[in-house]
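Reader: I would like to go through this model feature by feature. Please give the general idea first and then the case at hand.

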Amino acid sequence: MKTTEMLETYPATINLDRQLLARVIETLVACSQACTACADACLSEEMVADLRKCIRSNLDCADSCTATARILSRHTGYDANITRAHLEACIAACRACGDECEQHASMHEHCRVCAEACRDCEAACGELLAAIG
């Protein structure tokens, strides 16, 4: 991805480590994609009715990750309180989605992959949250 390259072009000071920030943004985008694809795959399963909560968790997590990635990509007029709130919400969404997907991971490979993406994203957001303080 061009995340690092794009962050390096920002003309003003960014109060966060740009490499960490780039890694978190890329992890958020990857998680959003995995959750969107998992929701779609769940819709194709024969037992789709049993996957309703999983689909909802996937879509909520995908939206939260996308919003958080977009907020982390903007630095003009930076507000640490907004960033913290979105990181915390994203951590909660990733945890919930990861927990839900793990319940289906032994039957559906897409849920296993998605749960892993959610755990990675939860950890990355937590690392950035700790760096913000």
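Author: We can begin with helix packing. Axes are lines fitted to C-alpha atoms, for helices over the stretch in contact, and the angle between N-to-C directions runs from 0 to 180 degrees. Keep in mind throughout that this is a predicted model.

Reader: At what angle do the axes of α2 and α3 cross?

Author: The crossing angle is roughly 155°, and the two axes come within 8 Å. Helix α2 covers residues 18-44, and α3 covers residues 52-72.

Reader: How should that angle be put into words?

Author: An angle over 145 degrees counts as roughly antiparallel. The angle therefore makes α2 roughly antiparallel to α3. The crossing of this pair is left-handed. In the contact of α2 with α3 there are 19 nonpolar residues, 5 polar ones and no charged ones.

Reader: At what angle do α3 and α4 pack?

Author: Here the angle is about 150°, with the axes 8 Å apart. Since angles over 145 degrees count as roughly antiparallel, α3 and α4 are therefore roughly antiparallel to each other. Their crossing is left-handed.

Reader: Which residues of α3 meet α4?

Author: On the α3 side they are Lys53, Cys54, Ser57, Asn58, Cys61, Ser64, Cys65, Thr68, Ile71 and Leu72. Their partners in α4 include Thr83, His86, Leu87, Cys90, Cys94, Cys97, Glu100 and His104. By class, the contact of α3 with α4 has 13 nonpolar, 7 polar and 2 charged residues.

Reader: How do α2 and α5 cross?

Author: The axes of α2 and α5 come within 8 Å and cross at roughly 155°. The two helices are therefore roughly antiparallel to each other, and the crossing is left-handed. Among the α2 residues that meet α5 are Leu20, Leu21, Arg23, Val24, Leu28, Cys31, Cys35, Cys38 and Cys42. The α5 residues in this contact include His110, Cys111, Cys114, Cys118, Asp120, Cys121, Cys125, Glu127 and Leu128. The contact of α2 with α5 divides into 19 nonpolar, 2 polar and 3 charged residues.

Reader: Next, helix length. How far apart are the end C-alpha atoms of α5?

Author: The general idea is to compare the end-to-end distance with an expected span, which is 1.5 Å times one less than the number of residues. Helix α5, residues 109-132, has 24 residues and should span 34 Å; its end C-alpha atoms are 35 Å apart, which agrees. Gly133 follows α5 and has a positive phi, near 85°.

Reader: How many residues does α4 have, and how far does it reach?

Author: α4 has 25 residues and reaches 36 Å from its first C-alpha to its last, close to the 36 Å expected.

Reader: Which residues of α4 are buried?

Author: Buried means under 20% relative accessible area. In α4 the buried residues are Thr83, Leu87, Cys90, Ile91, Ala93, Cys94, Cys97, Gly98, Glu100, Cys101 and His104. Their cover includes α2, α3 and α5.

Reader: Let us take single residues. Is Leu21 buried or exposed?

Author: Leu21, in helix α2, counts as buried because its relative accessibility is 0%. Leaving out residues up to four places away in sequence, Leu21 touches Leu7, Ile14, Leu16, Leu72, His75 and Leu128. The C-alpha atoms of Leu21 and Leu7 are separated by 8.6 Å, and the two residues are 14 apart along the chain.

Reader: Where is His75 found?

Author: His75 is in the loop between α3 and α4. It is buried, with a relative accessible area of 11%. Not counting residues up to four places away in sequence, His75 touches Leu7, Tyr10, Ile14 and Leu21.

Reader: What does Tyr10 contact?

Author: Tyr10 is placed in the loop between α1 and α2. Apart from neighbours within four places in sequence, Tyr10 is in contact with Arg18, His75 and Thr76. Tyr10 and His75 are 65 residues apart along the chain, and their C-alpha atoms are separated by 8.4 Å.

Reader: Is Ala39 buried or exposed?

Author: Ala39 lies in helix α2 and counts as buried at 3% relative accessibility. With neighbours within four places in sequence set aside, Ala39 is in contact with Ile55, Asn58 and Leu59.

Methods. Residues numbered from 1 in each chain as written. Predicted model: local features only at pLDDT ≥ 70, side-chain atom pairs only at ≥ 80, totals over all residues. Heavy atoms only, no water. Helix = DSSP H or I, 4+ residues; strand = E, 2+ residues; numbered from the N terminus. Buried < 20%, exposed > 50% of the residue type's maximum accessible area, 1.4 Å probe, protein only. Contact = heavy atoms within 4.5 Å. Parallel < 35°, antiparallel > 145°, perpendicular 65-115°, else oblique. Left-handed = near helix turned anticlockwise from the far one by under 90°. Nonpolar A, V, L, I, M, F, W, Y, C, P; charged D, E, K, R; others polar.
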